[in-house]
Amino acid sequence: MTNTMTRRRVLVTGGAGFLGSHLCERLIEAGRDVLCVDNYFTGRKDNIAHLLGHPRFEVMRHDITFPLYVEVDEIYNLACPASPIHYQFDPVQTTKTSILGAVNVLGLAKRVKAKVFQASTSEIYGEPTVHPQTEDYRGNVNTIGPRACYDEGKRVAETLFFDYLRQHRVRIKVARIFNTYGPRMHPNDGRVVSNFIVQALQDEPITLYGDGSQTRAFCFVDDLIEGFLRLMATGDDVTGPVNLGNPHEIPVRELAERIIRLTGSASKIVYRPLPKDDPTQRCPDITLARRLLGWQPSVALDEGLQRTIAYFDDLLAAEQPLRLSGAVAD
């Protein structure tokens, strides 16, 4: 049995969210003590309900824009709304969450000498002029557009992480996350996978922005979390940023057609104008992740979609029909 005095204690901010809840599960399975922190703006208590009775799992309601004083060995900073609908709802708060949240987790990591992981994003590449995107690409971002609260907040957070590394020798890990899907996605997050599935299961028209030719690469959540754990397990000389995502892109229209086929839906596709600053291409170069982590996605798209469809099918059976505002290619 692991001695409780030597068992690693791990803080997961945003731990009740889509990615955070899956990460908490994997950490508990690995024998860690887990402190899940969330303010439940986009996180859901249902995502972690099955963990509440576990002796190595603890939950705290807290907004990471305020300092947090706990004793931990590792920190995963996942706290921030990640879909356009949610992060544009309160853009000032979104920026604060990225920047003040980074300041607070880095300050905590400095104080307790913890290793700290930053969940960054492919959004920092903006509307890319390089394809696929490598980690040394500096991006093409509109600093005053409606998506800038998220894009720029995450870019500043990365700056803070590397400044804390240089100035205070804080041990950091930075992952740039590309489109990820799977069970526990928020049903009203406006992302293409969740919206297409919910609309298809209800035989509603599938809302597609633009002509559907814009491409995305979709990574199943289990694969992404494995990438998180492998990056965190590397030596202090590996800091990132490291792209984590699926390098095989498809047009968004093809995704809609696949979901209609897999659900057996009678839904038809309807088209709407493309939102401002919505990227036409987004695909990671994962050469670095392959080399440093021995990591690449292993779950095929149809398999991942079937598992996600089953989750939303159960959710719809348990709740009132979900009214959606249309899907964006996040």
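Helices (H or I, at least four residues) and strands (E, at least two) are DSSP runs, numbered from the N terminus.

**Ground rules.** My model is predicted, with local features needing pLDDT of at least 70 and side-chain atom pairs counting only at pLDDT 80 or more, while totals for chains, interfaces and linings use all residues. Residues are numbered from 1 along each chain as its sequence is written, and side-chain values use heavy atoms, with hydrogens and water left out.

**G212.** Buried or exposed? I looked up G212. G212 is buried, at a relative accessible area of 0%; buried means under 20%, exposed over 50%, and partly exposed is in between (1.4 Å probe, protein chains only). Leaving out residues up to four places away in sequence, G212 touches P251, V252 and R253. Touching is contact, so heavy atoms have to be within 4.5 Å. I also checked I269: 57 residues separate G212 and I269 in sequence, and their C-alpha atoms are 9.9 Å apart in space.

**R282.** Next I went to the loop between β13 (269–272) and α9 (287–293), where R282 has its place. R282 has a relative accessible area of 1%, so I noted R282 as buried. What does the side chain of R282 make a polar contact with? I found the side chain of S122, at 3.5 Å. (A polar contact is a pair of N or O atoms within 3.5 Å; within protein, one must be able to donate a hydrogen and the other to accept it, and residues adjacent in sequence count only if both atoms are side-chain atoms.) A polar atom of the R282 side chain also lies 3.0 Å from the backbone oxygen of G126. Not counting residues up to four places away in sequence, R282 touches several others, including H131, F178 and T215.

**Rings.** How many aromatic pairs does a search of the whole structure find? I got 6. Rings of Phe, Tyr and Trp (its six-membered ring) pair if their centres lie within 6.5 Å; planes under 30 degrees apart are stacked, over 60 edge-to-face, the rest tilted. Y76 and F117 are tilted because their planes are at 40°, with centres 5.1 Å apart. This pair links distant parts of the chain, 41 residues apart: Y76 is in strand β4 (residues 74–77) and F117 in strand β5 (residues 115–121). Both Y76 and F117 are buried. I then looked at Y311 and F312, an edge-to-face pair with 75° between the planes and 5.1 Å centre to centre. Y311 and F312 are both buried. One aromatic cluster is formed by Y76, F117 and F228.
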